[in-house]
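Colleague: I would like to go through this model with you, one question at a time. Please give the cut-offs as you use each term.

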Amino acid sequence: MSATAAELTKKHCVPCEGGIGALDKEAIATNLAALSGWKLDTSGKSIRREWRVQDFTAALDFFNRVGQIAEAEDHHPDLHLTGYRNAAIELTTHAAKGLTENDFILAAKIDTLPVKLKK
């Protein structure tokens, strides 16, 4: 059964201190299909999405709002800002050494945030 982005946004990340295993390839593909713009890395252990935002201030604003969601979910992404407007977010569950449902929940919640894109 595949999840939708709306269903993922209604869930909350579950704390995992190493007691939770990474998702298998089928579960990853199912969850990834529910998201827009996220790509699986070549190792299969993280997902990434990139944005070309309007300017530096828009990038910082976006990352601040991502940080608020990440803190509320207690699941923290890797944030990258290069060239002052190229924003990227990578998600993985380090304790599981791969992807868990938490990564897809956070990705779906990030996708609900408005972001000013470069035209």
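Colleague: Is Thr9 buried, partly exposed or exposed?

Modeller: This is a predicted model, in which local features need pLDDT of at least 70, side-chain atom pairs count only at pLDDT 80 or more, and totals for chains, interfaces and linings use all residues. Residues are numbered from 1 along each chain as its sequence is written, and side-chain values use heavy atoms, with hydrogens and water left out. Buried means under 20% relative accessible area, exposed over 50%, and partly exposed in between, with a 1.4 Å probe and protein chains only. Thr9 has 26% relative accessibility, so Thr9 counts as partly exposed.

Colleague: Where does Thr9 lie, and which residues does Thr9 touch, not counting residues up to four places away in sequence?

Modeller: Helices (H or I, at least four residues) and strands (E, at least two) are DSSP runs, numbered from the N terminus. On that basis Thr9 lies in helix 1, residues 5-10. Contact means heavy atoms within 4.5 Å. Not counting residues up to four places away in sequence, Thr9 touches Ala108, Lys109 and Thr112.

Colleague: Which residues of helix 4 are buried?

Modeller: Helix 4 covers residues 101-111. Helix 4 is mostly covered, with nine of its 11 residues buried. These buried residues pack against helix 1, helix 2, strand 2, helix 3 and strand 4. They are Asn102, Asp103, Phe104, Ile105, Leu106, Ala107, Ala108, Lys109 and Ile110.

Colleague: Are helix 3 and helix 4 parallel, antiparallel, perpendicular or oblique to each other?

Modeller: Axes are lines fitted to C-alpha atoms, for helices over the stretch in contact, and angles run from 0 to 180 degrees between N-to-C directions. The axes of helix 3 (residues 56-73) and helix 4 come within 10 Å and cross at roughly 140°. Angles under 35 degrees count as roughly parallel, over 145 as roughly antiparallel, 65 to 115 as roughly perpendicular and the rest as oblique. Helix 3 and helix 4 are therefore oblique.

Colleague: Which residues make the contact between helix 3 and helix 4, and how many of each class are there?

Modeller: Helix 3 contributes Phe62, Val66, Ile69, Ala70 and Glu73, and helix 4 contributes Ile105, Leu106, Lys109 and Ile110. For the classes, Ala, Val, Leu, Ile, Met, Phe, Trp, Tyr, Cys and Pro count as nonpolar, Asp, Glu, Lys and Arg as charged, and the others, Gly among them, as polar. By class, the contact of helix 3 with helix 4 has seven nonpolar, no polar and two charged residues.

Colleague: How many aromatic pairs does a search of the whole structure find, and what is the geometry of the rings of Trp38 and Trp51?

Modeller: Rings of Phe, Tyr and Trp (its six-membered ring) pair if their centres lie within 6.5 Å; planes under 30 degrees apart count as stacked, over 60 as edge-to-face and the rest as tilted. A search of the whole structure finds three aromatic pairs. In the pair of Trp38 and Trp51 the ring centres are 6.0 Å apart and the planes are at 85°, so the pair is edge-to-face.

Colleague: Which parts does the pair of Trp38 and Trp51 tie together, and which residues form the aromatic cluster?

Modeller: Trp38 lies in the loop between helix 2 (25-33) and strand 1 (39-40) and Trp51 in strand 2 (residues 47-52), so the pair ties together parts that are 13 residues apart in sequence. Trp38 is buried at 5% relative accessible area, and Trp51 is buried at 7%. One aromatic cluster is formed by Trp38, Trp51, Phe62 and Phe63.

Colleague: Is Ala88 buried or exposed, and which residues is Ala88 in contact with beyond its neighbours within four places in sequence?

Modeller: Ala88 lies in strand 4, residues 86-91. Its relative accessibility is 4%, so Ala88 counts as buried. Leaving aside neighbours within four places in sequence, Ala88 is in contact with Arg48, Arg49, Glu50, Phe63, Asp78, Leu79 and His80.

Colleague: What is phi of Asp74, and where is the place of Asp74?

Modeller: Most residues other than glycine have a negative phi. Asp74 is in the loop between helix 3 and strand 3 (78-82), and Asp74 counts as exposed at 56% relative accessibility. Although Asp74 is not a glycine, its phi is positive, at about 55°.
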